There are 2 protein chains.
Amino acid sequence: MDRRALLGRAGGAATLAAGAATIAAPAIAQTAQPTLRWRLTSSYPKSLDCIYGAGEVFARVVSELTDDRFQIRVFAAGEIAPPLQALDAVQTGSVECCHTTSFLYTGKNEAFGFATGLPFGLNTRQQNAWMYEGGGIELMNEVHRKFNVYGMPLGATGAQMGGWFRKAMGPASDLNGLKMRIGGLAGQVLSRLGGVPQQLGAADLYPGLERGTIDAAEWLGPYDDEKLGFVRVAPFYHYPAWWEGGASTYFYVNLDQWNALPKSYQAAIRAGCAEATHWMVARYDIRNPDSLRRLVAQGAKLTPFSRDMLDTCLRTWLDIEKELVARNPDFAKVHESWSKHRDDMRIWHRVAELPFDNYVAQASARR
Amino acid sequence: MDRRALLGRAGGAATLAAGAATIAAPAIAQTAQPTLRWRLTSSYPKSLDCIYGAGEVFARVVSELTDDRFQIRVFAAGEIAPPLQALDAVQTGSVECCHTTSFLYTGKNEAFGFATGLPFGLNTRQQNAWMYEGGGIELMNEVHRKFNVYGMPLGATGAQMGGWFRKAMGPASDLNGLKMRIGGLAGQVLSRLGGVPQQLGAADLYPGLERGTIDAAEWLGPYDDEKLGFVRVAPFYHYPAWWEGGASTYFYVNLDQWNALPKSYQAAIRAGCAEATHWMVARYDIRNPDSLRRLVAQGAKLTPFSRDMLDTCLRTWLDIEKELVARNPDFAKVHESWSKHRDDMRIWHRVAELPFDNYVAQASARR
């Protein structure tokens, strides 16, 4: 590095005020940090370069921050652990960390759902707010501790599409008998309305729709959905996904491994997660529009869910939410914080955020 | 640190797969990184703990990531540089870096406006997307290079309130003769509609409104506005701020200083900015609702801007936008990328994001 440039501008056009920057002699005795080689198991296939890629961005940032001393190698779904069992691999310690969707684990404890997003819940902004400043990360880690992991958000998708259907959906009664890939707690809504929820990884969705072993599948949004090819086998493309207002994906690390890390490596993990979250949301927002155009050109029948569908699913979900609060103390504890901030932020966003968004959306549609 | 815990779980309940994690002996010969002490001048007063605090969060993260070797001391507005001249101090090298609002510098080059947000432009999500994955950071740095600085987003406010007025605003003709603190390019809209824009720091707003030397002031949103006491002297609280869909605040570093940093310190700055941005948006979203309630209880007259006000300001702004594209090649170059992504993201957000937000907003208002 150029010591002169650090002390003052080359060429002397300006000089730093005395004492503004000082460089000590390279500190030979500085704390030596360990060299670590970790593995991260992703729940996503390599072909989905946004959601899988967020894990790689995370690992790159951690490596840059530590001068390559802390290196985390990312493995795609199935390489070292099955996509729906990433958490289990981290819990037992067979892999140090993972990048996954927490709602995959609501079968272990429904409270995992909050870390992805609940049906008719928070949007991406609100989820981040609750996580970072509303106590969400800490509350979730009280639950995670029971599974010997420590976690934080790593990535988010934004609001999603409602998925691909072999037949057009009208009223909520059309869900009766529907076999649909739908993740997490939203599956309980589908069940209660007579449907059959399926929990499948990304790679199993296209063959299922093609063979008709499932009637519908929700994955994410246009950019991923285009790669997965759903338009060819289930052309009815409904929106919006009511099952989360914007799914967060999550980083879990084995709790013992986390506790043993030097503080600066813990800071590098937090920073890597923060940067990867910005990156993933941004990349989907930049890439979804062109994919959406192409999907429509390829025959996707873009249709909003009916009002009856949304109202019926909302009512059904609110019943389930209440039952979970009554039945699961972990869910109830997190819900108390989450629902207060949900209600507060909705009021605030109705004043400033939504009127701005709706005005410019309407004005640009008029032009 | 606990070497044993890093190698395998204490108690032997689980062991890491062979080769999953390895620790080399502490690397005595590892690259020694320099000890740096920098100063950051903030454009914000210490009392505004979200916007000023984002600079402190940034500095804390950089310090944690570098084991305290890279320390950045944050100075409030006016302590080492005036709030509206933070960029100048960094440009000349009298201070290494700053946290400021880029629209304060549109008098030097209108293209600075893009780094905060243009009137009727992007919301917070869209601004981040354009910055991180739409080429915004790189395009802006082509402009910034002419001022001998390198920059990136450090914080964002979310959509803002339209400010505090001594008299209620009806049609756009009410702007005629209005002396208003309003930042950046939005001031040109006000001028063209017969008003008198003023560029003032936060500390000068309350006395100006109290003495009547200004008739109105926009600052940010309920949490800051409550601290600044505007409700007592200008109770009409209009919304939304049409002058930006969500202002980003910016980090600038002297270009020579930036180029001379070791790669891991550059990475620490990027990571610090990313974490502070999540933090600032989250903190405002969590704190604004209670402040809004208190302000209304204290007599704030919460009123949306009229349709005529928004439509007239939009038309006026689009004329100015066109003129700037024709007149300023830097503005034109950035605008080409920005406007493409603006239009694309608006289409996409009209499909998934806004229908979700509007549905839950309406449904929760019904209950």
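Modeller: A term to begin with: on a 1 Å grid over the protein atoms alone, a cavity is a set of points where a 1.4 Å probe fits but cannot get out, and its lining residues have an atom within 4 Å of a point. This is a predicted model, so local features need pLDDT of at least 70 and side-chain atom pairs pLDDT 80 or more, while totals for chains, interfaces and linings use all residues. Residues are numbered from 1 along each chain as its sequence is written, chains are lettered from A and ligands numbered from 1 in the order written, and side-chain values use heavy atoms, without hydrogens or water.

Biologist: OK, how many cavities of 30 Å³ or more are there?

Modeller: The count is twelve.

Biologist: Which residues lie nearest the centre of the largest cavity?

Modeller: Asn123(A), Glu353(A), Asp357(A), Glu353(B) and Asp357(B), out of 26 lining residues. H13(B) gives the most to that lining, six residues. Helices are DSSP runs (H or I, at least four residues), numbered from the N terminus.

Biologist: And what's the lining like by class?

Modeller: Seven nonpolar, nine polar and ten charged residues. Ala, Val, Leu, Ile, Met, Phe, Trp, Tyr, Cys and Pro count as nonpolar, Asp, Glu, Lys and Arg as charged, and the others, Gly among them, as polar.

Biologist: Switching topic: how much do chain A and chain B bury between them?

Modeller: About 9900 Å², 59% of it on carbon and sulfur atoms. Buried area is the accessible area (1.4 Å probe) that two parts lose on being put together, summed over both. On the chain A side, His278(A), Trp348(A) and Phe356(A) supply 8% of the area buried against chain B, more than any other three residues.

Biologist: How many salt bridges cross that interface?

Modeller: Eight, where a salt bridge is a side-chain nitrogen of Lys or Arg within 4 Å of a carboxyl oxygen of Asp or Glu. One joins Asp285(A) to Arg125(B), at 2.7 Å from N to O. Helix H11 of chain A (residues 263-297) brings 20 residues, the largest share of the side of chain A that touches chain B.

Biologist: How many salt bridges over all chains?

Modeller: 40. Within chain A, Glu142(A) pairs with Lys333(A), the closest N and O atoms being 2.6 Å apart.

Biologist: What does that pair tie together?

Modeller: Glu142(A) lies in helix H6 (residues 136-144) and Lys333(A) in helix H13, both of chain A, so the pair links parts 191 residues apart in sequence.

Conventions
Helices (H or I, at least four residues) and strands (E, at least two) are DSSP runs, numbered from the N terminus. On a 1 Å grid over the protein atoms alone, a cavity is a set of points where a 1.4 Å probe fits but cannot get out, and a pocket is an open set with protein on both sides within 12 Å along at least five of seven lines; lining residues have an atom within 4 Å of a point. Grid points are joined across faces, edges and corners, and a volume is the space filled by probe spheres set on the points.
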